[in-house]
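Open the model in your viewer and keep the sequence panel beside it. The tour moves from one selection to the next.

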Amino acid sequence: MSATELPLIGDYSTPVTALSGARIGVVTFPGTLDDRDAARAVGLAGAEAVSLWHADSDLADVDAVVIPGGFSYGDYLRAGAISRFAPMMDKIIDAANSDAKLPVLGICNGFQILTESHLLPGSMIKNDHLKFLCRDQVLRVENNSTAWTNQYAQGEEITVVLKNQDGQYVADEKTLDALEAEGRVAFSYVGWNPNGSRRNIAGITNAAGNVVGLMPHPEHAVEAGFGPDHTGTDGLGVFASVLTHLVGGQK
């Protein structure tokens, strides 16, 4: 294989598929690290990745939004606490809560931003062992009816990458009981709870199923040879799910 055939960072070209008309916005904040990875995952799933800048207030007519991981504003105050007030977030919050129910995915720091924005309940605090952790992590799909999980089987176990410092999901007991009773736990940790998250919660959804946040990184498990164990593509289903949701006319 020649060097020009290798995938290039920042190459957002997409395959021509029935889903190629979908436009998925990827938001960049100061300190975002994984926007290019998220954009590449969107492209591999078959859609067009559209860059969205935190200080802008135009959603650029996107069909869905990914808020990727990183350390926005250096995680000062609290992780995601400053980013929540970005002009772009005002637009995302309004669109997600509108009748159109814009699909929104928050990954790691994006999940933290979604809780700070009150699009999702609870909060994220330091890992219970107070250390940054990077590892392959097994997750169980607890709800496969959301805009971002419909391509998985209920109860399916997948392996993606986890890397965080403020990854402990916390909420009061009433909120935790409601999340479980209403089927709003989207993903749970399997085998080991890596950060002390309450009830092994790795990701949750809002009641409508259009907003999902998870701490592990599906965008790092989308290409054979580069994912967990160098073979894993389990994360691609997250991005394929939202395209299926959009094509189904459920926007």
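A polar contact is a pair of N or O atoms within 3.5 Å; within protein, one atom must be able to donate a hydrogen and the other to accept it. Keep that cut-off in mind for the side chains below. The model is predicted.

**Stop 1: the annotated site**

Now show the side chains of Glu219 and His217. What distance separates them in their polar contact? The contact is 2.7 Å, side chain to side chain.

Stay on Glu219. Its place is the loop between β11 and α5 (236-247). Is Glu219 buried or exposed? Glu219 has a relative accessible area of 4%, and the limit for buried is under 20%, so Glu219 is buried. Select what surrounds it. Beyond its neighbours within four places in sequence, Glu219 is in contact with Asp34, Asp37, Ala38, Ala41, Ile107 and Phe239.

**Stop 2: Cys108 and the other cysteine**

Move to Cys108. This residue sits in the loop between β4 and α3 (109-116). Its relative accessibility is 6%, so Cys108 counts as buried. Leaving out residues up to four places away in sequence, Cys108 touches Gly69, Lys163, Asn164, Leu214, Met215 and His217.

How many disulfides does a search of the whole structure find? The count is zero. For Cys108, the nearest cysteine sulfur belongs to Cys134, 10 Å away. Select Cys134 next. Its relative accessibility is 54%, so Cys134 counts as exposed, whereas Cys108 is buried.

**Stop 3: the sheet**

Switch to cartoon view. Which strand order does the open sheet follow? Its nine strands run β2-β1-β3-β4-β11-β10-β9-β6-β7, and the pairing is mixed. From one strand to the next, the twist averages 25 degrees.

Strand β1 (residues 23-28) runs parallel to β2, and six bridges join them. Pick Thr28: Trp53 in β2 stands opposite.

Step across to β3. It runs parallel to β1, joined by three bridges. Here Gly25 has Val65 of β3 as its bridge partner. Val66 has Leu105 of β4 as its bridge partner.

Now look at the side chains of β3. In a regular strand the side chains alternate between the two faces of the sheet. Ala64 and Val66 point one way, Val65 and Ile67 the other. All four are buried.

**Stop 4: the helix across the strands**

Select α2 (residues 87-97). This helix lies across β1, β2, β3 (64-67), β4 (104-107) and β11 (211-214). Its direction is about 130 degrees to β3.

Which residues of α2 are buried? They are Met88, Met89, Ile92, Ile93, Ala95 and Ala96. An α-helix has 3.6 residues a turn, so residues three or four places apart point the same way. The buried residues of α2 pack against β1, β2, β3, β4, α3 and β11.

**Stop 5: Asn195**

Finish in the loop between β9 (185-189) and β10 (201-205), where Asn195 lies. How much relative accessible area does Asn195 have? The value is 0%, so Asn195 is buried.

Show its side chain. Asn195 makes a polar contact of 3.1 Å with the side chain of Tyr189. Another, of 2.7 Å, links Asn195 to the side chain of Ser197.

Not counting residues up to four places away in sequence, Asn195 touches Asn127, Asp128, His129, Leu162, Asn164, Gly167, Gln168, Tyr189 and Met215.

Definitions and conventions:
Residues are numbered from 1 along each chain as its sequence is written. This is a predicted model: local features need pLDDT of at least 70, side-chain atom pairs count only at pLDDT 80 or more; totals for chains, interfaces and linings use all residues. Side-chain values use heavy atoms; hydrogens and water are left out. A disulfide is a pair of cysteine sulfur atoms within 2.5 Å. Buried means under 20% relative accessible area, exposed over 50%, partly exposed in between (1.4 Å probe, protein chains only). Two strands pair if DSSP finds at least two bridges between them. Helices (H or I, at least four residues) and strands (E, at least two) are DSSP runs, numbered from the N terminus. Axes are lines fitted to C-alpha atoms, for helices over the stretch in contact, and angles run from 0 to 180 degrees between N-to-C directions. Contact means heavy atoms within 4.5 Å.
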